[in-house]
Structure formats: structure tokens, C-alpha cells
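Please examine the structure shown below.

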Amino acid sequence: MTRVAAVDCGTNSIRLLVADADPATGELVDLDRRMTIVRLGQGVDRTGRLAPEALQRTFAACREYAAIIKEHGAERLRFVATSASRDAENRDEFVRGVLDILGVEPEVISGDQEAAFSFTGATKELAGGDHLPKPYLVVDIGGGSTEFVVGDDRVAAARSVDIGCVRMTERHLVREGVVSDPPSEEQIAAMRADIEAALDLAEQTVPLREARTLVGLAGSVTTVSAIAQELPEYDSEAIHHSRVSHEKVREITEWLLRSTHAERAAVPSMHPGRVDVIGAGALVLLSIMERIGAQEVVVSEHDILDGIAWSVA
């Protein structure tokens with residue numbers, strides 16, 4: 001066993017996994033897994049820069065994570081940064097801050113690298129069984145981008161496109177600095193058109209329709225699963241490897257897009273940081289399912305974070 005720490009810093013959240021990894025058996029034993037909504041990508045789509053307050057929120061979370069990593073005595077640490085920091089003009093400021101706090105330089109990875117990590121994290125434990133037909137299509141709906149990966153035991157094709165839940169919300173659902181509550185039909189139609197154009201782009205590289213199992217990752221997908229199950233609180237064990245039908249995803253998406261902030265916030269399994277962006281994330285998922293004709297999505301709590309941990313081990 002090797003004790004490793006992995007940090008995934010995305011557009012909406014920063015997450016930590018400390019685990020004992022055994023490459024010989026494929027076993028990854030969680031010691032600490034946590035997520036903090038920091039909204040690092042706040043305004044990046046509009047300004048091209050990381051906002052000072054977003055950087056401060058992120059650095060505060062890094063200081064908390066540094067203490068946890070030290071407490072567990074992790075032997076190796078890898079810090080991966082994704083869409084928001086990849087796009088920002090002032091990403092050097094972000095890199096310096098993380099290096100000062102955690103002692104490692106964040107790797108601002110490409111969309112293709114992000115996709116490969118997501119695929120490994122999501123499918124390593126699925127590969128041992130024969131109950132889910134291959135090839136898999138792994139879809140990681142993040143804050144700034146969505147990664148598409150098709151493969152059997154390894155990645156065959158991958159593409160990252162800019163249709164994350166935060167980016168779509170800021171681009172289409174914000175008027176005069178406030179998220180529409182609820183959005184208009186025109187706003188939803190414009191967002192849907194943007195998503196469809198991005199799916200066209202993804203299909204130029206990734207044979208989306210060849211997949212026989214759709215695996216969905218990240219907070220938008222897991223929250224849809226929690227709502228579908230009517231969970232009294234967020235429950236990772238109940239969500240992991242749950243299956244949500246196309247019809248249920250459609251029903252939930254339509255409700256999320258016509259609900260008010262207060263109604264969404266009242267959902268017991270909803271993280272407060274997702275209330276304003278969950279509608280956009282659910283619409284991305286629904287659009288993907290409709291594009292490929294998927295009757296259900298298999299939901300995984302294991303994703304890019306687990307893939308990063310395996311890369312360290």
C-alpha cells in the first residue's frame with residue numbers, strides 16, 4: 001500500500017482524496033475524501049481572469065487540505081487544476097499561491113489529460129465485472145467544461161468542450177449580475193443551442209453513439225441521482241453506481257429549470273454551492289442522453305480525483 005493524496009481543483013469546487021492505494025489489486029481505500037465549493041471560475045468566461053475573492057476562497061481551502069494531508073502522513077501528493085485555471089490570464093498567481101501553501105506546483109492539465117484521469121477513476125472498478133456492456137462513454141460534467149471519453153479498458157477517444165454548469169449559467173442565465181429565477185424559455189433555448197453545438201464538436205473526435213454504457217461523473221450528475229432517489233441527505237454510498245433513467249433525468253431537469261432558488265435550495269440533498277448552477281448541469285446531462293439515445297446513466301462517485309490518486313500510486 002502507498003498512502004497518496006490527490007487534489008482536483010476545478011471551476012466550481014476543490015476536492016481532496018487521501019487514500020491507501022494497492023496497484024497490484026486495484027484497491028483504493030479512502031482515508032479522507034472531501035469537497036469545498038470555492039467557485040474559482042467566477043467570472044472567468046467573461047473577464048478571462050481569476051477573481052481575487054475566488055483565489056482567496058481557494059487558498060483558504062488549500063490551507064485546510066494541507067493540514068489534513070499532514071495529519072494522515074501521505075507520502076505523495078499531486079495537485080491537478082482544470083478548466084478555470086487553464087483559461088485564466090493570471091493563472092501564475094494561482095500557481096504561486098498553491099505552491100506556497102502545499103509545497104507542490106499545481107499541474108494545469110489539458111482537457112485530454114483531464115478526460116483520461118476521469119476515465120481511469122470511473123472505470124477501474126467497473127472493469128472487473130461483466131454486467132455493464134462496453135465500450136463505456138464516461139462524461140464528466142464540471143463547472144467550466146465537460147469531458148467525453150470512450151473506451152473499453154483504456155481510452156480510445158477523448159474530447160473536452162466548454163459546456164460546464166458554471167460557464168453555461170453565467171453565459172445564459174445571468175442578467176445584470178443575478179441568476180434568473182427561474183430562467184425564461186428564451187434563455188433555456190439559447191443554452192440548449194450552445195450545448196448542442198458543443199456536442200457536435202465533441203462528436204468530431206469521440207464516437208459518442210458507439211458507447212453501450214453511459215457513466216456520469218461529478219456534482220451535477222450525482223445531485224440528479226440524489227434527487228431521483230429522494231434522499232433525505234446527500235449519501236455517497238446510495239449514489240455510487242445508482243442508475244437514473246432518461247425519463248427521470250428529463251423530469252428532474254424540467255423541474256430544476258422552472259423552479260425558484262428557494263425551491264431548489266429546499267432539496268435536502270442539494271449542496272448550497274450548486275443551487276444556482278444545477279439546472280444548467282442537468283440540461284447538459286439530458287442533452288447528452290438524448291444525443292446518444294441512452295436509456296439510463298450509471299452514476300459514479302469515483303472520477304478524476306480517483307484517477308489522479310492512481311497516477312500518483
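In helix H10 (residues 246-258), the residues His246, Val249, Arg250, Thr253, Leu256 and Leu257 meet Ile278, Gly279, Ala282, Leu283, Leu285, Leu286, Met289 and Glu290 of H12. Contact here means heavy atoms within 4.5 Å. Sorted by class, the contact of H10 with H12 has 9 nonpolar, 3 polar and 2 charged residues. Ala, Val, Leu, Ile, Met, Phe, Trp, Tyr, Cys and Pro count as nonpolar, Asp, Glu, Lys and Arg as charged, and the others, Gly among them, as polar.

The model is predicted: local features need pLDDT of at least 70 and side-chain atom pairs count only at pLDDT 80 or more, while totals for chains, interfaces and linings use all residues. Residues are numbered from 1 along each chain as its sequence is written, and side-chain values use heavy atoms, with hydrogens and water left out. Helices (H or I, at least four residues) and strands (E, at least two) are DSSP runs, numbered from the N terminus.

Axes are lines fitted to C-alpha atoms, for helices over the stretch in contact, and angles run from 0 to 180 degrees between N-to-C directions.

| Helix pair | Axes come within | Crossing angle |
|---|---|---|
| H10 and H12 | 9 Å | roughly 150 degrees |
| H8 and H12 | 9 Å | roughly 90 degrees |
| H6 and H7 | 9 Å | roughly 135 degrees |

The angle between H10 and H12 is roughly 150 degrees. That makes H10 roughly antiparallel to H12, a term for angles over 145 degrees, whereas angles under 35 count as roughly parallel, 65 to 115 as roughly perpendicular and the rest as oblique. H10 passes H12 in a left-handed crossing; a crossing is left-handed if the near helix is turned anticlockwise from the far one by less than a right angle, and right-handed if clockwise.

Helix H8 (residues 219-228) also approaches H12 (residues 278-292), and the two are therefore roughly perpendicular to each other. Their contact involves Ser220, Val221, Thr223 and Val224 of H8 and Ile278, Gly281, Ala282 and Leu285 of H12. This contact has 5 nonpolar, 3 polar and no charged residues.

For helix H6 (residues 165-173) and helix H7 (residues 185-203), the axes cross at roughly 135 degrees. That makes H6 oblique to H7, and the crossing is right-handed. Met168, Arg171, His172 and Leu173 of H6 make the contact with Gln187, Ala190, Met191, Asp194 and Ile195 of H7. These residues divide into 5 nonpolar, 2 polar and 2 charged.

Several loop residues call for a separate description. Most residues other than glycine have a negative phi, and most peptide bonds are trans. Arg39 is not a glycine, yet has a positive phi of about 50 degrees; Arg39 is in the loop between strand S3 (27-37) and helix H1 (44-47). Lys134 and Pro135 are joined by a cis peptide bond with omega of about 0 degrees. Pro135 belongs to the loop between helix H5 (111-123) and strand S6 (136-141). The peptide bond from Asp181 to Pro182 is also cis, with omega near -5 degrees, and Pro182 is in the loop between strand S10 (178-179) and H7.
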